[in-house]
Amino acid sequence: MPLSRSHIPRFPAFLATAAALAAFFAPSGATSTPATSHAVVGFRSNEQLAAALTRFPGARIVRRLPHMKTVVIELKGSAAGFSGLPGISFARAPLRRTVKVEPALAATFRFGLPYEWQYVVTRENEVPEEVLRAAGAIKIGVVDTGLDVTHPDIAAKAPETWDVVHHRTNVADKDGHGTFVSALAAGSVNNNEGIAGFGGDAQLLMVKAVGAGDSFSDVDESAAIVYAVDHGAKIINLSIGGEGSSPLEQRAVEYAASHNVLMVAAAGNEYADGNPVEYPAAALQPVGSNGQGGIGLSVAASTITGKRASFSNTGSQISLAAPGQHVFSAIAAGTPRAWWPRYALPGSLAGLYGWSSGTSFSTPEVVGAAALVWAANPSLTATQVAGILKATASGGGRWAPGLGYGVIDVAAAVATAAGQPVRPLRSRAASWLNVRRLHARSPRGSSLRRVRLAVHLRTGAPTVTPDYRSLTLQIRSGGSWHRIAKTTTRLGGGIHWTVGLRPGRHVLRVLYRGRSDLRSAMRLKPVRVL
């Protein structure tokens, strides 16, 4: 069987030079210079902050958090004197934290999105920490081309390995497919390196099943399924596929199902080549079932906007979908660059990473999500885990042949399994524009008036930023809209425009056309220029 491949707001200048009065906190007649310290100070207005700062000679702002009306101040002595001052919400020393962040979840490859965007759009990032830890009791079996056990996101899991064809523990991955898949399903989430797998602390078992000519057969696949079941896998990832099935494959599938093991398979990438029915996916979610019943999950691929990826197969055998177009994962060392282009990952010290596409890579995301559902409620059966993933997906209980019951919502699935209220998934963040006219005046000798506008783009999602977005200013004239300015927002989503307009009444509008992660937004603003 072939693999399924393929604004910061400006503070008044005197804030930075606030050194006017005698020290508020230094005792009279002090003989030693107080030590330098840092204070985290919350404030209600810039003016009140400025007034407070005048009490502390030499104090300076070293960092601003404008969205939270907070600054970090470097000063001599203690910050205790800030407490109780007018307009100061709080003042305290910084609390030390140990940073545990996967670089792919923090660094952005495009504004507003992490490299590992699939982690955000499926709300995997909202799963409670205790569930991620509890997943350590679940073992994920991956049947694939092997594994780069030296990759940091894999090595941190100390995976079990077995080659069912050559009967050995060496599962070197010359192809790279198995490593990419495994990291998505079970890559370490707390090793301060690379990506975060969907399965939290789930254990990883790689069963290499590459036979003669570096290909799979139903025999290799079936042997690998049985080995994974017998060695404690609760969920098996099958990112392999081909047309037709066999009694042996069916037996292997039934064997796993009889042991309450959930199998998840790729639906295939051949939509443009006749959209064939692929197995073993169709052995798990039968043809004609329209996503109902079955003994496993057949997974389609979705895009960053939640639509079906153009290559992803469709049909009555599709259970649900997960991100599969340009998803980010780990690349095995020594694999061809032409197959697996490398991308430098800021914050990463080791390992190779990149993007690839295919239902092969949607599948391990569902597998990892299933591990978290089971971790949230270990009493569930495999069928119940599959049912929860379907019921909480973006389709809202409705099935369609392209995405089945929709794109997985991991946070909703986990909450459902734990018997908690579920907040529905929003496939794209709500956004809106605030437009404010500051003033209009006329330079001497000019018939034009200079009109200043302040614009802010806002977003309703904590994981999506309005920074560095292109906004367009247009004016209505002669029955049509004409562009007069186009500018990129600053940190915080703000823009200040100064435009020349003749006296009279004008209608302006600001547009944000939107990208995949942020909805389009528009705001009309009538302006009268005198």
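This is a predicted model: local features need pLDDT of at least 70, side-chain atom pairs count only at pLDDT 80 or more; totals for chains, interfaces and linings use all residues.

Residues are numbered from 1 along each chain as its sequence is written, and side-chain values use heavy atoms, with hydrogens and water left out. Helices (H or I, at least four residues) and strands (E, at least two) are DSSP runs, numbered from the N terminus.

**Helices α10 and α11**

- Two packed helices are described by the angle between their axes and the distance between the axes.
- For helix α10 (residues 359-376) and α11, the axes come within 10 Å and cross at roughly 115°. Axes here are lines fitted to C-alpha atoms, for helices over the stretch in contact, and angles run from 0 to 180 degrees between N-to-C directions.
- α10 and α11 are therefore roughly perpendicular to each other. Angles under 35 degrees count as roughly parallel, over 145 as roughly antiparallel, 65 to 115 as roughly perpendicular and the rest as oblique.
- The crossing of α10 past α11 is right-handed. A crossing is left-handed if the near helix is turned anticlockwise from the far one by less than a right angle, and right-handed if clockwise.
- Which residues meet between α10 and α11? On the α10 side they are V366, A369, A370, V373 and W374, and on the α11 side A382, V385, I388 and L389. Contact means heavy atoms within 4.5 Å.
- Sorted by class, this contact of α10 with α11 has 9 nonpolar, no polar and no charged residues. Ala, Val, Leu, Ile, Met, Phe, Trp, Tyr, Cys and Pro count as nonpolar, Asp, Glu, Lys and Arg as charged, and the others, Gly among them, as polar.

**Helices α6 and α10**

- Helix α6 (residues 177-186) and α10 have axes that come within 7 Å and cross at roughly 30°. That makes α6 roughly parallel to α10.
- α6 and α10 also make a right-handed crossing.
- From α6, the residues H177, F180, V181, L184 and A185 meet S360, F361, P364, E365, V367 and G368 of α10. The contact of α6 with α10 has, by class, 7 nonpolar, 3 polar and 1 charged residues.
- How many residues of α6 are buried? The count is 10 of the 10 residues, so α6 is largely enclosed by the rest of the structure. Buried means under 20% relative accessible area, exposed over 50%, and partly exposed in between (1.4 Å probe, protein chains only).

- T392 sits in the loop between α11 (382-391) and α12 (410-417), and T392 is buried, with a relative accessible area of 13%.
- A polar atom of the T392 side chain lies 2.7 Å from the backbone oxygen of I388. A polar contact is a pair of N or O atoms within 3.5 Å; within protein, one must be able to donate a hydrogen and the other to accept it, and residues adjacent in sequence count only if both atoms are side-chain atoms.
- Not counting residues up to four places away in sequence, T392 touches D409, A412, A413 and T416.

- A polar atom of the D163 side chain lies 2.9 Å from the backbone nitrogen of V165. Leaving aside neighbours within four places in sequence, D163 is in contact with R168, N170, V171 and K208.
- R436 is found in strand β18 (residues 431-441) and counts as partly exposed, at 48% relative accessibility.
- R436 and R452 are 16 residues apart in sequence and 8.8 Å apart in space, C-alpha to C-alpha. Neighbours within four places in sequence aside, R436 is in contact with R452, L453 and A454.

**Backbone details**

- Most residues other than glycine have a negative phi, and most peptide bonds are trans.
- The peptide bond from Y279 to P280 is cis, with omega near 15°, and P280 lies in the loop between β13 (278-279) and α9 (281-284).
- A158 is not a glycine, yet has a positive phi of about 45°. A158 is in the loop between α5 (152-155) and β8 and is exposed, with a relative accessible area of 60%.
- H326, not a glycine either, has a positive phi of about 60°. H326 lies in the loop between β15 (320-323) and β16 (327-331) and counts as partly exposed, at 48% relative accessibility.
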